[in-house]
Amino acid sequence: MDIGVFIPIANNGWIMSATSPQYMPTFDLNKEITLKAEKYGLDFALSMIKLHGFGGKTEFWDYAMESFTLMAGLAAVTERIKLYASVPVLAIPAPIAARMAVTVDSISHGRFGINIVSGWQKAEYDQMNIWPGQEHFLNRYEFCAEYVTVMKELWETGQSDFKGRFLTMNDCRLLPKPEAKIDIVCAGQSQTGVDFAAAHADYNFCFGMGLNEPKKCAEAVQRNVDAAKKTGRKCGALLLFMIIAAETDEAAWAKWEHYKEGADIDAIAWMNSQGEADTRKSIDVSAIYMSRPPSAMNLNIGTLVGSYVTVARLMDEIDEIEGAAGVLLTFDDFLEGMDAFGQHIQPLMKSRAHV
Ligand SMILES: Cc1cc2nc3c(=O)[nH]c(=O)nc-3n(C[C@H](O)[C@H](O)[C@H](O)COP(=O)(O)O)c2cc1C
């Protein structure tokens, strides 16, 4: 099973709380985390793109770096770990993103891939007057399909004359070709998103679910497996989880309860309002899901709380889910968390015995 780290490109990582570790995103912090990940044999690091924070007393995600430039810096200081940047497809033209990717491919010598972000938060784009309107919620994965097709044509042939509903290329050129295949990843949860990933991506990230119940994700993974089967392509399902670990179960649960006490209600409410703008209310996992009980405080990311032994056992349970290709990890405290994972948890995991 592959393991990656979702590095904190925005302040406070993935916990909206005034009592969780408080920190700003810097290159130095993300470099230290990624170098630890590389040292402990992790397979990949991903950074997100977030262009508008959620506010509240913690100013959640109001401070965020840009994903490609951060990964370019990390590409220069790492040697083995695979790196993924996230592209906001509405804000960056496909041929520019493709050229940025070829550049980071060169810096990293073939260790680079792109996470396709269709855009679920209107305020990120409206602030620049580039939100296409409500119809984007319906069209966004069709737009992404054209976007990825253009990028792949440019990488594979150096040229594109693509004519689609949203994108038009006129003898568009891009050389040099990448040193290695640039993987496409995505994080579609809606059926349209999952189908897009199955048709165009190499991996799709699923929201991990449950509090110490990782098997709750089996159904979401199965949806990904079924969608990939229909296309006849390979598209691995990677699950997003947060680890809150300590030497004992009691100490880990005490941290969890403490973070919950400081939940940033205003930031959560703001996220909820953004999620509700998506009128396709049928979707079951989305910003609306993230802001529901039991733990809106950490966006309802599937969470593993406990001692190193408990967390290692739960991680191995994820490996038992049929079709799960790996896990993308977040931590309450990324520096301590990476060390705890690398020194105490991973060595206890059967599914990582090869590392
Ligand atoms: C691992 C992971 C990474 C994501 N990265 C971003 C990101 O960088 N920027 C963003 O706006 N949304 C991001 N999202 C949200 C997804 O792109 C997607 O919109 C969301 O999972 C809902 O799925 P849907 O688009 O099919 O409704 C991410 C989600 C996950 C689980």
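## Composition of the ligand shell

In this predicted model, the residues of the shell around the ligand divide into 11 nonpolar, 7 polar and 4 charged. The ligand is surrounded by 22 residues, and the closest of them are Lys50, Arg140, Tyr141, Ala187 and Ser190.

Several elements of secondary structure contribute to this shell, for strand S4 (112-117), helix H5 (135-157) and strand S8 (203-207) each supply at least two of its residues.

On the backbone side, a polar atom of Ile49 is 2.8 Å from an oxygen atom of the ligand. On the side-chain side, a polar atom of Trp120 lies 3.2 Å from a nitrogen atom of the ligand, and a polar side-chain atom of Asn115 is placed 3.4 Å from a ligand nitrogen atom. Taken on its own, the ligand has 610 Å² of accessible area, of which the protein covers 95%.

## Helix packing

Helix H5, which supplies at least two residues of the shell around the ligand, also packs against helix H6 (residues 191-200), the axes of the two coming within 10 Å and crossing at roughly 15°. Because angles under 35 degrees count as roughly parallel, H5 is roughly parallel to H6. The crossing in which H5 passes H6 is right-handed.

A second pair is formed by helix H2 (residues 67-77) and helix H3 (residues 94-108), whose axes come within 8 Å and likewise cross at roughly 15°. H2 and H3 are therefore roughly parallel to each other, but here the handedness of the crossing is the other one, since H2 passes H3 in a left-handed crossing.

## Backbone geometry in the loops

Most residues other than glycine have a negative phi, and most peptide bonds are trans. Against that background, the peptide bond from Leu175 to Pro176 is cis, with omega near 5°. Pro176 is found in the loop that runs between strand S6 (172-173) and strand S7 (183-186).

Key
Residues are numbered from 1 along each chain as its sequence is written. This is a predicted model: local features need pLDDT of at least 70, side-chain atom pairs count only at pLDDT 80 or more; totals for chains, interfaces and linings use all residues. Side-chain values use heavy atoms; hydrogens and water are left out. A residue is near a molecule or strand if one of its heavy atoms lies within 4 Å of it. A polar contact is a pair of N or O atoms within 3.5 Å; within protein, one must be able to donate a hydrogen and the other to accept it, and residues adjacent in sequence count only if both atoms are side-chain atoms. Accessible areas come from the Shrake-Rupley method with a 1.4 Å probe; for residues, only the protein chains shown count as cover. Helices (H or I, at least four residues) and strands (E, at least two) are DSSP runs, numbered from the N terminus. Ala, Val, Leu, Ile, Met, Phe, Trp, Tyr, Cys and Pro count as nonpolar, Asp, Glu, Lys and Arg as charged, and the others, Gly among them, as polar. Axes are lines fitted to C-alpha atoms, for helices over the stretch in contact, and angles run from 0 to 180 degrees between N-to-C directions. Angles under 35 degrees count as roughly parallel, over 145 as roughly antiparallel, 65 to 115 as roughly perpendicular and the rest as oblique. A crossing is left-handed if the near helix is turned anticlockwise from the far one by less than a right angle, and right-handed if clockwise.
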